[in-house]
Amino acid sequence: MATADDRLDELEAQSIYIFREAFARMKRMALLWSLGKDSNVMIWLARKAFLGHVPFPVLHVDTGKKFKEMYAFRDHYGKEWNLDLRVDPCPPLEQMDPTLPPATRSAARKTEGLKLALEKYGFDALVAGIRRDEEATRAKERVFSPRGLEGDWNVREQPPEFWDHFNATLPAGAHLRVHPILHWTELDIWAYTKREGIPVIPLYFSKDGKRYRSLGDEDITFPVRSDAATIDEILMELATTKVPERSGRAMDHEAEDSFERLRVAGYL
């Protein structure tokens, strides 16, 4: 009979395969580090895939509005994990599309910052820690997801992916988004984090009856009601909760098409 560890082993093996396949086929790859639980698992997997070392840059596109605990985590583990860390700023809010709702407009800074970083470094592949179970438009993604010259995403023109055959062919100037944990769930992330002993930002654990399920910018991310103060308690909570993972993200409560507008324009 298959066990929980068997499932985690299968997920890990598939993700490591994706990392190695992308690294073998792309010339200039970088891993996007948002400092949250998913991208920390990605760094852990990358280190496993490449014998304890991440052999490509790790990019943090910084809005300057993360929680202080997130910056402390980045500075500490960027050194401890010996990462080739690149930190690039995002453009100011005033340069973003004024027709977007407030929180979505703020989040758009990350999209534009990413475009500037792509132009600066010339990356042809970006590894991102999105999951299909997170949000409806992400459920339509591919593991190897081509992006247009402006970083735009065309949901109707994605390559088929049968039997783990990935299309890495790109037109000149375009780039690829690679999603090694697309097939994971939030529950998987926490179960793997517990098993592997991956460091965790304290904001994920309950304090005064609230905790963060998802971490973004401090001014547009809010905690949810929860008494889960350990990973075991988080796992128990996730087994029964009906509260969406991104319920604390202000952007997800704005106009119905806000998130899709950002994703089409190149958002993660």
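Does Asp188 count as buried or exposed, and at what relative accessibility? Asp188 counts as buried, because its relative accessibility is 7%, under the 20% cut-off. The model shown in these views is predicted.

View 1. Helix H5 covers residues 186–196, and Asp188 is found in it. The side chain of Asp188 makes a polar contact with the side chain of Arg7, at 2.6 Å. The Asp188 side chain also reaches the backbone nitrogen of Thr185, at 2.9 Å. Leaving aside residues up to four places away in sequence, Asp188 touches Arg7, Leu8, Leu11 and His183.

**View 2. The ring pair of Phe50 and Phe56.** The structure holds 13 aromatic pairs. One of them joins Phe50 and Phe56, with ring centres 5.8 Å apart. Their planes stand at 85 degrees, so the pair is edge-to-face. Both Phe50 and Phe56 are buried.

**View 3. The ring pair of Trp184 and Tyr192.** Here the ring centres of Trp184 and Tyr192 lie 5.2 Å apart. The planes of Trp184 and Tyr192 are at 90 degrees, so this pair is edge-to-face. Trp184 is buried, and Tyr192 is buried too.

**View 4. A cluster of phenylalanine rings.** Phe19, Phe23, Phe50 and Phe56 form a cluster linked by ring pairs.

**View 5. Arg47 over the ring of Trp44.** The charged end of Arg47 sits over the Trp44 ring. From the centre of that ring, the charged end of Arg47 is 5.6 Å away.

How values were computed
Residues numbered from 1 in each chain as written. Predicted model: local features only at pLDDT ≥ 70, side-chain atom pairs only at ≥ 80, totals over all residues. Heavy atoms only, no water. Helix = DSSP H or I, 4+ residues; strand = E, 2+ residues; numbered from the N terminus. Buried < 20%, exposed > 50% of the residue type's maximum accessible area, 1.4 Å probe, protein only. Polar contact = N/O pair within 3.5 Å; in protein donor to acceptor, adjacent residues only side chain to side chain. Contact = heavy atoms within 4.5 Å. Phe/Tyr/Trp six-rings, centres within 6.5 Å; stacked < 30°, edge-to-face > 60°. Lys NZ or Arg CZ within 6 Å of the ring centre and 35° of its normal.
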